[in-house]
Amino acid sequence: MVGAKKMFAATELQRQILYALVDQTLFGEQPSAGIDTMAIVADLKRQHTSWTHVDGTHWHTRFSHLTNYGAGYYSYLYAKCFATSIWQRMCQEDPLSLDTGSALRTKFLQHGGAKDPADILNDLAGSGIVRSCHGGIIPDITSLCKEMELLKC
């Protein structure tokens, strides 16, 4: 079971990346004219996945996350990167450590929305977990790639 856990990890990541790309493309900056969503989704799928697109399908019209997140679906991937980095840096050696639990509570949870997220993450897991880009933050993907065995460390 442990070995099977990662069996389709790359396919799952590819799917999540496609969902995020579709979300950003359809709900990001809007063109002034109407758009052909089926053509856009088909093109993104051809460019960014190994899957064959089936013409005439329109799964994205039934994918409710696209309409509920408003170009924010990518946050699933961000959260996965942050969680994996926190796990590997703080919890992996001793997940039930009192010190780790206390650090999670005092450095991460207690602030709620009152402190800048990048500061919270850096205070908790050390520098390098995020980097600034165009007024936002981007997660370090190294821990996620290591977890998925996409990097040889």
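## Domain arrangement and helix packing

The chain is divided into domain 1, covering residues 8-69, and domain 2, covering residues 73-148. The structure is a predicted model. Between the C-alpha centres of domain 1 and domain 2 the distance is 28 Å. Domain 1 supplies 12 residues to the contact, and domain 2 supplies six residues. The size of an interface is often given as the accessible area lost when the parts come together. For domain 1 and domain 2, the area buried between them is about 880 Å², and carbon and sulfur atoms account for 72% of it.

**Overall fold and confidence**

The chain contains seven helices and two strands. Along the sequence, these elements follow the pattern α-α-α-α-α-α-β-β-α. The C-alpha trace of the chain spans about 55 × 40 × 25 Å along its principal axes.

Mean pLDDT for the chain is 86, with 95% of the residues at 70 or more.

**Packing of helix H4 with helix H6**

Helix H4 comprises residues 75-91 and helix H6 comprises residues 117-125. The axes of H4 and H6 come within 10 Å and cross at roughly 25 degrees. Because angles under 35 degrees count as roughly parallel, this crossing makes H4 roughly parallel to H6. On the H4 side, the contact is made by Phe82, Ile86, Arg89 and Met90; on the H6 side, Leu121, Leu124 and Ala125 take part. Classified by residue type, the contact of H4 with H6 has six nonpolar residues, one charged residue and no polar residues.

Key
Residues numbered from 1 in each chain as written. Predicted model: local features only at pLDDT ≥ 70, side-chain atom pairs only at ≥ 80, totals over all residues. Heavy atoms only, no water. Axes fitted to C-alpha atoms, helices over the stretch in contact; angles between N-to-C directions. Helix = DSSP H or I, 4+ residues; strand = E, 2+ residues; numbered from the N terminus. Parallel < 35°, antiparallel > 145°, perpendicular 65-115°, else oblique. Contact = heavy atoms within 4.5 Å. Nonpolar A, V, L, I, M, F, W, Y, C, P; charged D, E, K, R; others polar. pLDDT = per-residue confidence, 0-100. Domains from an automatic or database assignment. Buried area = accessible area lost by both parts, 1.4 Å probe.
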